[in-house]
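Visitor: I am new to this protein and would like a short tour. Could you take me through it step by step?

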Amino acid sequence: MSIPDLPRRARVLLKPGFLVAATCRAICAEMIAAPGEPGHISNFAGAQFVDPTFKRLHAIDITPALAQQAAASLDAARPELDAHFGTTLGEGEGVTFYRYAAGDFFAKHQDTYGGRRASIAVFLNDPAGTAGVTYDGGSLVLFDLFDEPQMRNHSVSVPPQAGLLIAFR
């Protein structure tokens with residue numbers, strides 16, 4: 001299946017150019033310079049813990065002004081997201097920035113905790129180096145997107161493109 005068919009057949013919204021290259025570059029520069037901390041996972045009771053066999057990456061704090069710029073872009077997209085998913089997504093959980101180094105990963109999981117109605121990811125870099133940093137990592141693979149019975153076990157790998165927003169349920 002080609003990526004242009006994805007939004008039509010699955011519960012996914014793709015927004016190329018959601019963040020402009022300059023914003024992606026600025027966020028990437030801060031993320032590279034920051035030490036970060038191991039990414040946490042949450043269980044159904046809300047407890048957070050580190051499990052490097054399930055999620056190995058670093059959560060990064062960037063400057064408040066730049067984080068607010070990204071959050072404002074998400075807020076501006078909220079009406080389109082609500083319309084796409086046919087529901088009000090609400091205020092959300094805030095913006096989190098993850099840095100994946102060589103060998104890092106986030107194992108297959110479902111984002112169903114905390115009343116989450118949709119998940120949103122934004123690629124900040126790509127193989128072309130649009131954001132000043134080349135993407136040479138793994139794939140964002142989405143599962144359980146299709147309503148058609150013959151497609152239930154299929155997954156879709158989303159190619160990285162700097163500034164691309166991917167929203168899915």
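Guide: One term is needed at the start: the radius of gyration is taken over C-alpha atoms, and the globule rule is 2.2 Å times the number of residues to the power 0.38. Please also bear in mind that this is a predicted model.

Visitor: What radius of gyration does the protein have, and what would a compact globule have?

Guide: The protein has a radius of gyration of 16 Å. A compact globule with 169 residues would have one near 15 Å, so the value agrees with that expectation. Along the principal axes, the C-alpha atoms fill a box of roughly 45 × 35 × 30 Å.

Visitor: How many helices and strands are there?

Guide: There are three helices and twelve strands in the protein.

Visitor: And what share of the residues is buried?

Guide: Buried residues make up 32% of the 169 residues. As for contacts with a separation of 6 or more, 70% of them are between residues 24 or more positions apart.

Visitor: Which of its residues are buried?

Guide: The buried residues of α2 are Thr-23, Cys-24, Ile-27, Cys-28 and Met-31. They lie on the same side of α2, because they cover an arc of only 130 degrees around the axis. An α-helix has 3.6 residues a turn, so residues three or four places apart point the same way.

Visitor: What is exposed on the other side of α2?

Guide: Ile-32 and Ala-33 are exposed there.

Visitor: Back to the buried side, then. What does it pack against?

Guide: The buried residues of α2 pack against the strand β6 (58–60), the helix α3 (64–85) and the strand β7 (97–99).

Visitor: Could we look at Thr-23? Why does it count as buried?

Guide: Thr-23 is found in helix α2. Its relative accessibility is 9%, and buried means under 20%, so Thr-23 counts as buried. Its side chain is joined to that of Gln-69 by a polar contact of 3.2 Å.

Visitor: And Met-31, what does that one touch?

Guide: Leaving aside residues up to four places away in sequence, Met-31 touches Ile-60, Ile-62, Phe-97, Tyr-98, Arg-99 and Leu-124.

Visitor: How many residues does the largest nonpolar core have?

Guide: The largest nonpolar core has 24 residues. Those with the most contacts inside it are Ile-27, Met-31, Ile-62, Leu-81, Phe-97 and Leu-124. At least two residues of this core come from each of α2, α3 and β12 (165–168). The helix α3 gives the most, with six residues. Apart from this core lies another, of 13 residues, among them Phe-123, Leu-142, Leu-164 and Phe-168.

Visitor: A change of topic: the loops. Is Gly-86 buried or exposed?

Guide: Gly-86, found in the loop between α3 and β7, is exposed, with a relative accessible area of 65%. Gly-86 and Lys-108 are 22 residues apart in sequence and 26 Å apart in space, C-alpha to C-alpha.

Visitor: What about Thr-87?

Guide: Thr-87 is found in the loop between α3 and β7. At 27% relative accessibility, Thr-87 counts as partly exposed. Setting aside residues up to four places away in sequence, Thr-87 touches Asp-82, Arg-117 and Arg-169.

Visitor: Where does Asp-147 lie?

Guide: Asp-147 lies in the loop between β10 (140–143) and β11 (155–158), and Asp-147 is exposed, with a relative accessible area of 54%. Although Asp-147 and Arg-11 are 136 residues apart in sequence, their C-alpha atoms are 8.9 Å apart. Asp-147 touches Arg-11 and Arg-152, not counting residues up to four places away in sequence.

Visitor: And Leu-145: buried or exposed?

Guide: Leu-145 is found in the loop between β10 and β11, and Leu-145 is buried, with a relative accessible area of 1%. Leu-145 and Val-12 are 133 residues apart in sequence and 7.7 Å apart in space, C-alpha to C-alpha.

Definitions and conventions
Residues are numbered from 1 along each chain as its sequence is written. This is a predicted model: local features need pLDDT of at least 70, side-chain atom pairs count only at pLDDT 80 or more; totals for chains, interfaces and linings use all residues. Side-chain values use heavy atoms; hydrogens and water are left out. Buried means under 20% relative accessible area, exposed over 50%, partly exposed in between (1.4 Å probe, protein chains only). Helices (H or I, at least four residues) and strands (E, at least two) are DSSP runs, numbered from the N terminus. The arc is that of the directions from the helix axis to the C-beta atoms. Contact means heavy atoms within 4.5 Å. A nonpolar core is a set of buried Ala, Val, Leu, Ile, Met, Phe, Trp, Tyr and Cys residues joined through side-chain atoms within 4.5 Å. A polar contact is a pair of N or O atoms within 3.5 Å; within protein, one must be able to donate a hydrogen and the other to accept it, and residues adjacent in sequence count only if both atoms are side-chain atoms.
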